[in-house]
Amino acid sequence: MITRVAFAIAAALALPAAIAAEPTQTPPDVTVLQCAHMVDTAAGKLLGETTLVIEGKQVKEIKAGYADYSSYADAAKASGASFRFQKFINGTCLPGLIDAHTHLTSETSPTGYTDQFRWNVADYAVRSTVYARRTLMAGFTAVRNLGDASNESIALRNAINAGIVPGPRIFTAGKAIGTTGGHADPTDGYRMDLEGDPGPKEGIINSVDDAYKTVRQHYKDGVDVIKIMPSGGVLDESSSADNAQMTVEEIKAVVTAAHDYGFTVAAHAHGAEAIRRAVLAGVDSIEHGTFMNDEDMKLMKEHGTWYVPTIIAGKYVQEMAAKPGYYPPQVAAKALKVGPIIQTTAGKAYKAGVKIAFGTDAAVYPHGQNAKEFEYMVQAGMPPMFVLQAATTHAAELLHKQNELGQIAVGRMADIIAVPGNPIDDITVMQKVNFVMKGGVIYKADASATTD
């Protein structure tokens, strides 16, 4: 127990416009939050006035109405414990959001294709701490990081877990896995004397044996999840966004090895044939799915395969492709092909009953804008409550963390955010997060979220 009252009630009620200093990594012993509304993501309901009692890193009590917090404050003071109180004016409390598709160690830039020849791994790693903080402040307390260049996201995850830098909980894939010349090949577009021949240690495979070796290498490196590239992609310097680039046997080998080690497998796949192969081979999720057809959707329902649409990425690359020189010509051509389709595909998949989890492909657009995806999902025909569940209960299930994350419930991690207004009535308020708590620690608390 902390031996003094860290936050007096009066001080807690008179917060500055935003917490400027970094919070300590030790949460108060007791925190009481009074919410004008609360989203019960498990039940799919918007509740009225609700009081949340947090002890340390976990939710201890949930009470209907504005419960009297003074007894908690008095008990904390009597025992020498720390206490904090927060009340939200016309605000809605939600579980911390989960983005199931990010790349926290890079960010879009017109110089990105040449920066890789000038920057060291350390340059990307340092910048990643900024991107991680932006993501957390946007209300995303957990992410699945699906690919980096040099396993720098593993170091970022470890630094966040150690309390060295602020950021979301990271479940990282390290390097993505693909085939020679495919979307995961880091040397696409290089001149011949530089391209070399990346192999399983770098995530590039060309056989079943290579597939097993690369998964085992990823296990050795310390990843949390496996990411494969069975189709072409938009931003690599090859010519196709959707051709099939892995055989069914190669994908099955990756999946079998990954599941042996307790990993789930995410499959980047734009093309219908690549999606079909990946689903039949047993992957856990399809990312992007731009050219998904009716057969793919039927197979995904039969196999229980998750779909992570990343609509915002498609829209952003389409917008940037219209700017001369932002992308190489072959990349711009692919972006203009994929961008206009991905939102429509997401709407069709929802209507077909495919399981959907929230993901954005952050880095393809600037970090911190993740919540725009909510608006795009609603525009695609998904109800507001469904898209909130996609970023909470659904994404937690995809991560196999449904007993820890994704809902505000007694015994769960105290990952809690607040937004001004009602997201069921206006989903755009998800882009205005004014309170962020992760593991009981408050990282953001704007004055607009509190009483005086």
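Axes here are lines fitted to C-alpha atoms, for helices over the stretch in contact, and the angles between them run from 0 to 180 degrees between N-to-C directions. The model shown is predicted.

**Close-up 1. Helices H11 and H13 and the crossing of their axes.** The axis of helix H11, which covers residues 311–321, and that of helix H13, which covers residues 342–351, come within 8 Å and cross at roughly 160 degrees. Since angles over 145 degrees count as roughly antiparallel, H11 and H13 are therefore roughly antiparallel to each other. The crossing of H11 and H13 is left-handed.

**Close-up 2. Residues in the contact of H11 with H13.** On the side of H11 the contact is made by Ile311, Gly314 and Lys315, and on the side of H13 by Ile342, Gln343 and Ala346. By residue class, the contact of H11 with H13 divides into 3 nonpolar, 2 polar and 1 charged.

**Close-up 3. The disulfide between cysteine 35 and cysteine 93.** A search of the whole structure finds 1 disulfide, and this joins cysteine 35 to cysteine 93 with an S to S distance of 2.1 Å. The torsion about the S-S bond of cysteine 35 and cysteine 93 is about -85 degrees, so the disulfide is left-handed.

**Close-up 4. The surroundings of cysteine 35 and cysteine 93 in the chain.** Cysteine 35 belongs to strand E1 (residues 30–35), while cysteine 93 belongs to strand E7 (residues 91–95), so the pair ties together parts that are 58 residues apart in sequence. Cysteine 35 and cysteine 93 are both buried.

Definitions and conventions: Residues numbered from 1 in each chain as written. Predicted model: local features only at pLDDT ≥ 70, side-chain atom pairs only at ≥ 80, totals over all residues. Heavy atoms only, no water. Disulfide = S-S within 2.5 Å. Helix = DSSP H or I, 4+ residues; strand = E, 2+ residues; numbered from the N terminus. Buried < 20%, exposed > 50% of the residue type's maximum accessible area, 1.4 Å probe, protein only. Parallel < 35°, antiparallel > 145°, perpendicular 65-115°, else oblique. Left-handed = near helix turned anticlockwise from the far one by under 90°. Contact = heavy atoms within 4.5 Å. Nonpolar A, V, L, I, M, F, W, Y, C, P; charged D, E, K, R; others polar.
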